[in-house]
Every structure is written in C-alpha cells, then in structure tokens.
Amino acid sequence: MNTLQAGLSVVRKRFAACLPERAAVIDSLRQELEDDPDAYRFPSMNAAKINLHRIAGTAGTLGFSNLGDMSRQAEDLIVAYADGAQINFAELHEKLQRVLKLIDQVYNSLPDTETGAA
Amino acid sequence: MRILAVDDDPISLDLLEVLIGQIGGHVLVKSDSAADALDKIAQRGAAPFDCFLLDIEMPGMNGVELCEILRSIAVYRHSPILMITRKHEKRFIDDAFSAGASDYLTKPFELGELRTRMRMVEKLVNENRKRNDKLFAAKTTRKIRESQEHYELHAPVEIDDIPGVVEYHALENYLAQLSRRSLFGSTVFAVKIAGVERLHQKAEAFDFVCMITDTAEAISDSLSDHQALISYCGYGTFACVVEDGWRPNLDSFIDSVHKCLKLMDLHFGDGEEMNLVVCAGRPIRLLSKSGEQAVNALSQAQDSVEAVCREMEQSPLGAVLSKRSA
C-alpha cells in the first residue's frame with residue numbers, strides 16, 4: 001500500500017466511525033417525514049443538512065461517490081426548502097432512505113479494521 | 001508553505017492533511033472553527049501562514065466572514081485565501097470573492113486539482129514575497145526617493161475596503177472556474193479613465209493612486225444595485241463582471257460614475273481640479289462561455305474600452321480633455 005492509500009485508509013476508518021451517528025440524525029428526519037409530512041421540522045432538517053453536507057464533502061474522495069452524490073441531492077432539497085422553495089417531501093424522504101441504505105452498504109463493505117468494529 | 005486549513009468537519013481536515021502531505025513540501029495546520037483559527041493566527045512567536053484554506057459553510061463565523069477579517073490584517077492582505085465549497089454554490093462563491101478570496105476549491109477534493117492549485121498558490125506566495133521585498137526596499141530608501149517617486153502606469157494599485165473590488169488574478173480565477181451554467185447571466189465590460197497617460201504624467205504617485213481608488217469607488221457605487229465584481233487592470237482600466245442578467249445601460253452608468261466623481265471633487269497635489277472623464281467599452285454577455293472563454297472576454301472588454309477611449313481622445317471632447325490636463 002502506498003503512502004496515499006495508507007493515509008486514505010486511516011481517514012476512511014474515521015469516516016466510517018462517524019457514520020452511525022450521522023445516520024441516526026438523518027434517520028430521525030426520515031422518521032419525522034414518515035410520521036407527519038406536514039409537521040414543522042426545521043430543527044431536524046438543519047441537523048440532517050449539516051450531516052449530509054459533511055458526508056457529501058468527503059465521501060467522493062474516499063471512494064464512495066454514490067453516497068456523496070445522494071447526500072448532496074438530499075442536502076440540495078433541504079437548502080431549497082430553507083430558502084423558501086416548495087419541495088416535494090416524499091422526494092426528500094426517498095432520498096434520505098437511499099442515503100441511509102448507501103451508508104449501510106459503505107459501512108458493511110469496509111473491513112472491520114476500517115470501521116473500528118474489530 | 002505553511003498552510004492553515006479551517007473546516008468544522010474533522011474528516012475533511014484529515015483528508016486535506018493526507019492530500020497536502022502527498023503533494024509534499026507543505027506544513028498543514030488544522031483548525032475546526034473560525035474562532036480557533038483566529039487564536040492560532042494571534043499566537044505569539046508562531047510563524048505566519050503563507051496560505052489559507054477556508055471552508056465557506058461553518059457554524060458560527062463562516063469562511064467568508066473569516067476571509068474578511070484576514071484581509072484586514074496587514075500581513076495577510078495579499079496572502080492566498082482559497083475558499084472551500086461545494087460545486088455550484090455560486091452565491092457563496094460571489095460573497096467569498098467580494099470578501100477578498102483569491103480562489104476556491106470544490107469538494108469533494110481531487111488530488112490532481114489540489115496539486116495544480118497549490119502550485120498556483122506557491123507562485124502567488126513567491127510573487128507576494130518579491131512585492132514585500134520591493135516594498136521594504138522602497139520604504140528604506142523612501143527618504144531619498146520621496147520627491148521623485150512615480151507610480152508605473154501599468155502597475156496594480158492596492159484598493160481596499162471598496163465593495164466588490166477584488167484583485168485582478170482573483171477576478172480571473174472567479175471567471176475561470178465558474179461553470180457555463182453559473183456564468184450564463186453575467187456580463188463583462190471595462191471602464192477606462194480617458195487621457196490616463198496625460199493624467200499619469202502630471203500626477204504625483206499619491207495623487208495617481210487616489211485617482212484610481214476614487215474611480216473604483218465611483219464605479220462600485222454606480223453598480224451598487226447589482227451583484228458586481230470590479231478589478232483594476234492597470235493603465236487606468238477597470239474590468240467589471242455583473243451578475244443577475246443585468247443588461248447594462250452604459251450611458252446612465254457612465255453618467256452615474258461621473259456624478260460620483262464630481263461629488264468627490266478630486267484635485268491634483270497642486271490644487272488643480274482633476275475633472276476625470278471615464279468611458280465604457282462594449283458589454284460582453286458570457287451566456288454559455290466556458291471559464292477560459294470568459295477570461296478571454298475580460299481581455300476583449302479591455303480592448304473594446306481602449307478603442308472607445310482612443311476614439312474619444314481624437315474627438316473634439318478629447319481636445320478639451322487634453323488641454324485640461326496639459
């Protein structure tokens with residue numbers, strides 16, 4: 001393994017270690033959308049946005065472009081909502097579900113040495 | 001280079017550390033907030049930083065606000081500041097350049113792109129060092145040269161604290177990197193002080209710098225209803241990039257610039273009125289131009305205003321101007 005790959009592997013491990021917590025925040029918004037699509041939910045949207053933004057910013061460089069792209073799409077919808085645009089909550093719910101699924105895939109694809117679960 | 005990276009995401013900072021380490025030859029210091037960055041900058045005895053990488057979206061003080069503060073610190077007035085942002089966040093990018101950013105990097109990072117940017121930044125750092133050395137030399141010999149000091153007509157003029165006025169290389173970076181989609185509603189045009197060569201010959205260095213700065217302010221005031229970036233290109237010429245699909249009515253714009261200049265009541269050191277006259281060249285709409293074509297449009301805008309000015313100087317009005325500043 002060259003130095004770049006070795007360095008990225010260490011960062012990937014840290015990224016993976018953060019995923020459960022980030023997934024929990026995103027899932028909380030997804031659950032709220034499912035329970036009551038009309039409820040006021042700006043605080044949980046903001047929390048989800050911060051976590052989606054962070055995932056979108058680094059996932060691509062670490063080799064998880066699908067997760068990065070989907071996180072970006074979900075974040076874009078939340079940003080549009082915060083800017084006053086009408087958004088389709090069902091679409092946001094679906095994107096959040098896909099992000100969570102991709103987080104699961106990424107987490108499970110990493111060897112235990114990279115998720116810290118060993 | 002000694003680089004300070006500021007980002008609220010620790011993973012992003014770790015990633016930058018690995019990538020910058022791979023490029024080699026740099027020391028990266030990490031900060032997880034603007035407040036922590038300012039503490040690190042203020043640390044006594046620490047070596048100054050050569051370059052800054054600032055994430056735009058941070059809780060508390062964001063990267064744009066931090067950039068503004070850095071620019072107000074004399075030692076970092078010309079230091080390269082690269083803003084870190086997601087693709088297509090044009091509103092943030094515009095604010096960042098207005099606050100004095102030199103360039104920006106998009107997330108997710110790519111090693112090749114980062115390497116290229118670091119090379120450009122190093123070049124800028126070396127140019128700044130040379131400029132600082134020259135300034136130091138100029139200061140030490142100031143007493144001897146004071147009476148003869150003259151500002152080169154082509155030289156850049158340091159213009160601070162005027163909304164929307166940025167350094168020329170920053171304006172080029174801004175245009176070079178925005179996507180075709182982002183540039184679609186933008187227009188580029190240039191403004192030039194008529195008879196600048198004659199004014200330059202007559203003016204002391206201080207008068208000349210004031211004349212350029214005041215003209216920049218008049219242009220900025222006249223574009224205050226629009227999102228605009230303005231840069232001094234040397235030779236009395238300013239390049240302007242205006243967003244939001246504005247189709248400039250140049251006659252009323254130039255009228256407004258003249259009104260602002262009139263209110264400023266500018267004089268040469270000997271008390272004679274300056275009576276500045278400016279002209280504007282053909283506006284060039286960027287539409288779907290690529291970044292490279294947009295940068296070329298900057299040159300075309302300057303060529304166009306040169307031609308307009310030449311024409312004006314050969315007209316009866318030019319004869320009047322020539323007499324005035326003779």
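**Figure 1. The contact between chain B and chain A.** In this predicted model, 18 residues of chain B meet 23 residues of chain A, where contact means heavy atoms within 4.5 Å. The two chains bury about 1800 Å² between them, and carbon and sulfur atoms give 57% of this area. Buried area here is the accessible area (1.4 Å probe) that two parts lose on being put together, summed over both. On the chain B side, 34% of the buried area comes from B:Ile11, B:Leu15 and B:Arg86, more than from any other three residues. A word on conventions: residues are numbered from 1 along each chain as its sequence is written, and chains are lettered from A and ligands numbered from 1 in the order in which they are written. Because the model is predicted, local features need pLDDT of at least 70 and side-chain atom pairs count only at pLDDT 80 or more, while totals for chains, interfaces and linings use all residues; side-chain values use heavy atoms, with hydrogens and water left out.

Figure 2. Four salt bridges link chain B and chain A, each a side-chain nitrogen of Lys or Arg within 4 Å of a carboxyl oxygen of Asp or Glu. One to look for is B:Asp14 with A:Arg14, whose closest N and O atoms are 2.6 Å apart. Helix H1 (residues 10-23) of chain B gives the most to the chain B side, with seven residues. Helices (H or I, at least four residues) and strands (E, at least two) are DSSP runs, numbered from the N terminus. The chain B side holds seven nonpolar, two polar and nine charged residues; Ala, Val, Leu, Ile, Met, Phe, Trp, Tyr, Cys and Pro count as nonpolar, Asp, Glu, Lys and Arg as charged, and the others, Gly among them, as polar.

**Figure 3. Helices H2 and H3 of chain A.** H2 (residues 42-58) and H3 (residues 65-82) of chain A pack at about 145 degrees, with axes 8 Å apart. Axes are lines fitted to C-alpha atoms, for helices over the stretch in contact, and angles run from 0 to 180 degrees between N-to-C directions. Contributors include A:Phe42 and A:Leu52 of H2(A), and A:Leu67 and A:Ile78 of H3(A).

**Figure 4. Two loops of chain B.** B:Pro108 lies between strand E5 (103-107) and helix H5 (111-140), and the peptide bond from B:Lys107 to B:Pro108 is cis.  B:Tyr235, between strands E7 (228-234) and E8 (237-242), has a positive phi of about 55 degrees although it is not a glycine.
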